[in-house]
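Open the model in your viewer and keep the selection tool at hand. Each stop below says what to select and what is there.

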Amino acid sequence: MSPYVTTILTLSLFIGTCLTIFSEHWFTAWMGLEINTLAIIPTTPKNPRATEAATKYFLTQSTASMVMMFAIIYNAWSTNQWTLMQLSDNWASIAMTLALAIKLGLAPFHFWVPEVTQGIPLLTGMILLTWQKLAPTAILFQIAPHLNMKILIMLAILSTLVGGWGGLNQTHLRKILAYSSIAHMGWMIIIVQINPTLTILSLTIYIMATLTMFLTLNLSNVTKIKSLGGLWNKSATTTIIILLTLLSLGGLPPLTGFMPKWLILQELINNNNIMTATLMALSALLNLFFYMRLIYASSLTMFPSTNNSKMQWYDNPTQITMLIPTTTVISSLLLPLTPLFITLS
Amino acid sequence: MLSININLIIAFTLALIGVLIYRSHLISTLLCLEGIILSLFILITLLITHFHIFSISITPLILLVFSACEAGVGLALLVKISTTHGNDYVQNLNLLQC
């Protein structure tokens, strides 16, 4: 694609999210989300899988936008104001929650996430799973006092369970990362009414870790577990980075990914939601299982391959790997800074 | 809340169900999306005229602008699908399963 088109689309993506995050009027927030949806669709390539993925993405996101607009107008009818932080009408906040759940890919509206992430290239999928989550989460953060806790708990527990169980039978890495996204969004949603700062913290750490994963996978263009098995030959440090990042995503203690899970469980228990906290913690183990399978395939064992399978060979790296060490350090070593992140509320 | 609102909410709900449940063609989904947009447009216009808040009179127009862009993108995707598959049946969109 011509660099002018790419510039316009990237700018539109950036402007859309900024418009939604910085808006006070519901209409500009809706406009920002629409701009985001429209800007990412031309960035997909022209093969049939990508077209199908773009169609499914477009249909789900525009349905969510329309439900969101309905919630906004209903709220304007009953409360006569358009302020973003005051979505006082009950039905309007329920409809808005469901619309944002469709946009974020929470269960039971999660069916588009694996298929769309599978059909598009790795870098576009990265933008989809990280940047596109910022604007709806910002809206949820601002309307947090008016949300219905029952619906949030239902969405969150379903998302973590579906994200855990759905990723168990996958061999394509993009689908695994999609189910990981569904599960992590569940963790973010459960705490948004109790302590919204933890939602933003969890989103930030999730974005760092997912960025690392996608960029590392993009280096050698691996998209299946079978290709991961030959990665030790091409560049062994990539396998170490994948190990650290996946363990951090799974939430293991000395790494940064443990921090949001720990703080969220603590807040839930402080509010007497012990059953919820137990269910969330147990369903995180499902996620950890398929991360461990990826780690086994890439670095801990020699993955089985047939005699005449092609192996990736090491060569002089020509791609820019500038962002990967930064995001790896952020996503594995930041746990001692937890007191700093708590006081940022 | 006027009594016409019930009609419009029913119209919105029917169009929404039309988006969610469709039998074979993808274009019926896009048509029902346009139906949703129409009901939302009339809802906003009624809001403005009922409460006399003429300062936000531009809002239905902006809604129409963004919906037109969206409809254009939807149709472009429909054309691309028709190029590869020959028709717009939704059961053909199964390349990415499992």
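How many residues of chain B are in contact with chain A? Select both chains: 42 residues of chain B are in contact with 36 residues of chain A, where contact means heavy atoms within 4.5 Å. This is a predicted model, in which local features need pLDDT of at least 70 and side-chain atom pairs count only at pLDDT 80 or more, while totals for chains, interfaces and linings use all residues. Residues are numbered from 1 along each chain as its sequence is written, chains are lettered from A and ligands numbered from 1 in the order in which they are written, and side-chain values use heavy atoms, with hydrogens and water left out.

**Stop 1: between the chains**

Chain B and chain A bury about 3,600 Å² between them, 82% of it on carbon and sulfur atoms. Buried area is the accessible area (1.4 Å probe) that the two parts lose on being put together, summed over both.

Helices H1 (4-20), H2 (27-51) and H3 (59-85) of chain B each supply at least two residues of the side that touches chain A. That side of chain B has 32 nonpolar, 8 polar and 2 charged residues. Here Ala, Val, Leu, Ile, Met, Phe, Trp, Tyr, Cys and Pro count as nonpolar, Asp, Glu, Lys and Arg as charged, and the others, Gly among them, as polar.

How many salt bridges are there between chain B and chain A? The count is 0, a salt bridge being a side-chain nitrogen of Lys or Arg within 4 Å of a carboxyl oxygen of Asp or Glu.

**Stop 2: a salt bridge in chain A**

Over all chains the count comes to 2 salt bridges. Select A:Lys56 and A:Glu52, which form a salt bridge with their closest N and O atoms 3.1 Å apart. The two are separated by about one helical turn because they are 4 residues apart in helix H3 (residues 48-79) of chain A.

**Stop 3: two loops of chain A**

Select A:Ala107 and A:Pro108, which are joined by a cis peptide bond with omega about 0°. A:Pro108 is in the loop between helix H4 (90-104) and H5 of chain A.

Then go to A:Asn221, in the loop between helix H10 (196-220) and helix H11 (225-229) of chain A. A:Asn221 is not a glycine, yet has a positive phi of about 55°.

**Stop 4: packed helices**

Select H10(A) and helix H16 (residues 323-333) of chain A, which pack at an angle of about 145° with their axes 9 Å apart. Axes are lines fitted to C-alpha atoms, for helices over the stretch in contact, and angles run from 0 to 180 degrees between N-to-C directions. Among the residues that meet are A:Met208 and A:Leu211 in H10(A) and A:Leu323 and A:Ile324 in H16(A). By class, this contact has 8 nonpolar, 5 polar and no charged residues.
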